[in-house]
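Please read them with the sequence and the coordinates open beside you.

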Amino acid sequence: MPTLSEPLFQGFSKPEANFFRLPNEWTDITARVTSLAELKLVEYVLKHTWGYSEFDLVKKITTDEFMHGRKKKNGERIDTGTGLSKPSVIAGLKGAVKHGLLEEETDDSDKARIKKYYKLKMRTPIEEKEPAEKETPHADVKKVNIGVKDFNSRGKTSLHRSEKDTLERYINVTKQNGRDQDEVAYYAKLLADKLGDQKSLTYYKIACQRFTPQTLLQKAAEIMADGGARNPGAVFADWVKKHGLRESSGEHDREGSGEKGV
């Protein structure tokens, strides 16, 4: 396997839209991690969850994808994966789950095609922090960690649900909560940063007021992951229009682009 010295690493790209956040406690965590495989796997899950602003959602990642990179729908690789061998991936995932760094969920409803989902272990699930959920509970809304049964004594869990189901449940919860201006501004900035389109921040604020921000962030992540858009902001705006998003007080020009917004 090539190392950083073969060939010589040419340097990092400027972090404009090609970066994701790490928690401040990350260096304290890595100081205690003794397995390189665990470290690589946790960082890879972090990239494909937090990197897409999906902080408490599980992500389906196969052993092959951990090894060689996640795939687009057309089979093209998004990245190069962790560079680990299959035994290292299996052992590293077991260690990361055992040590409380990752949570693993297994969908074994189809025994021939068992699917596994991963996310960083959070101290408190995001839904539990939302007071509105306790005040106005809905029958079809469940916390992420409810309904999970023990799979074996090594820390695995088994749950019959897909990544899409998890996202829909999260959206149902967040729709109950009113979004104040600070929250709208926060999600709008995430959208602008993800799409590399800070000049259209006002447009993204309007979009976040009219659509569920998590839905918008997921679409933006899909556009960036596809890698084929010369102007990701324009592709995103076109998707919004096709889904019938309109501003009730009138249409607004997208800043700097000349396109009509919501």
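**Notes on the predicted model**

1. Confidence. Where pLDDT is low, the predicted coordinates should not be read in detail.

2. Basis of the comments. This is a predicted model, in which local features need pLDDT of at least 70 and side-chain atom pairs count only at pLDDT 80 or more, while totals for chains, interfaces and linings use all residues. Residues are numbered from 1 along each chain as its sequence is written, and side-chain values use heavy atoms, with hydrogens and water left out.

3. Overall make-up. The protein chain has 10 helices and five strands, these being DSSP runs numbered from the N terminus (helices H or I, at least four residues; strands E, at least two). Of the 262 residues in the protein chain, 40% are buried; here buried means under 20% relative accessible area, exposed means over 50%, and partly exposed lies in between (1.4 Å probe, protein chains only). Among the contacts in the protein chain with a separation of 6 or more, 57% are between residues 24 or more positions apart. The protein chain exposes about 15500 Å², of which carbon and sulfur atoms supply 51%; accessible areas come from the Shrake-Rupley method with a 1.4 Å probe, and for residues only the protein chains shown count as cover.

4. Nonpolar cores. The largest nonpolar core has 21 residues, and those with the most contacts inside it are Val-42, Val-45, Phe-66, Val-89, Leu-93, Leu-102 and Leu-120. A core in this sense is a set of buried Ala, Val, Leu, Ile, Met, Phe, Trp, Tyr and Cys residues joined through side-chain atoms within 4.5 Å. The elements that give two or more residues to this core are helix 1 (26-30), helix 2 (36-49), helix 3 (63-68), helix 4 (86-98) and strand 3 (115-120), with helix 2 providing the largest share, six residues. If residues up to four places away in sequence are not counted, Val-45 touches Ile-61, Phe-66, Leu-102, Tyr-118, Lys-119 and Leu-120. A second, separate core of 20 residues includes Ala-188, Leu-195, Ala-220 and Ala-237.

5. A search of the whole structure finds 11 salt bridges, each defined as a side-chain nitrogen of Lys or Arg within 4 Å of a carboxyl oxygen of Asp or Glu. One of them joins the side chains of Asp-79 and Lys-47 (3.1 Å, N to O). Asp-79 lies in the loop between helix 3 and helix 4 and Lys-47 in helix 2, so this pair ties together parts that are 32 residues apart in sequence. Asp-79 counts as buried because its relative accessibility is 12%, whereas Lys-47 is partly exposed at 29%. A further salt bridge is formed by the side chains of Asp-64 and Arg-77 (2.9 Å, N to O); Asp-64 is in helix 3 and Arg-77 in the loop between helix 3 and helix 4, 13 residues apart. Gly-83 lies in the loop between helix 3 and helix 4, and its C-alpha atom is separated by 9.5 Å from that of Ala-37, 46 residues apart along the chain.

6. The side chains of Asp-238 and Lys-242 meet in a salt bridge (3.3 Å, N to O), and both residues lie in helix 10 (residues 232-242), four residues apart, about one turn of the helix. Asp-238 is partly exposed, with a relative accessible area of 35%, while Lys-242 is exposed at 66%.

7. Polar contacts. Which side chain makes a polar contact with the side chain of Lys-59? The partner is Glu-54, at 3.1 Å; a polar contact is a pair of N or O atoms within 3.5 Å, where within protein one must be able to donate a hydrogen and the other to accept it, and residues adjacent in sequence count only if both atoms are side-chain atoms. Lys-59 is placed in strand 1 (residues 59-60) and counts as buried at 5% relative accessibility. Asp-193, found in helix 7 (residues 181-195), has a polar contact of 2.8 Å between its side chain and that of Lys-189.

Key:
Contact = heavy atoms within 4.5 Å.
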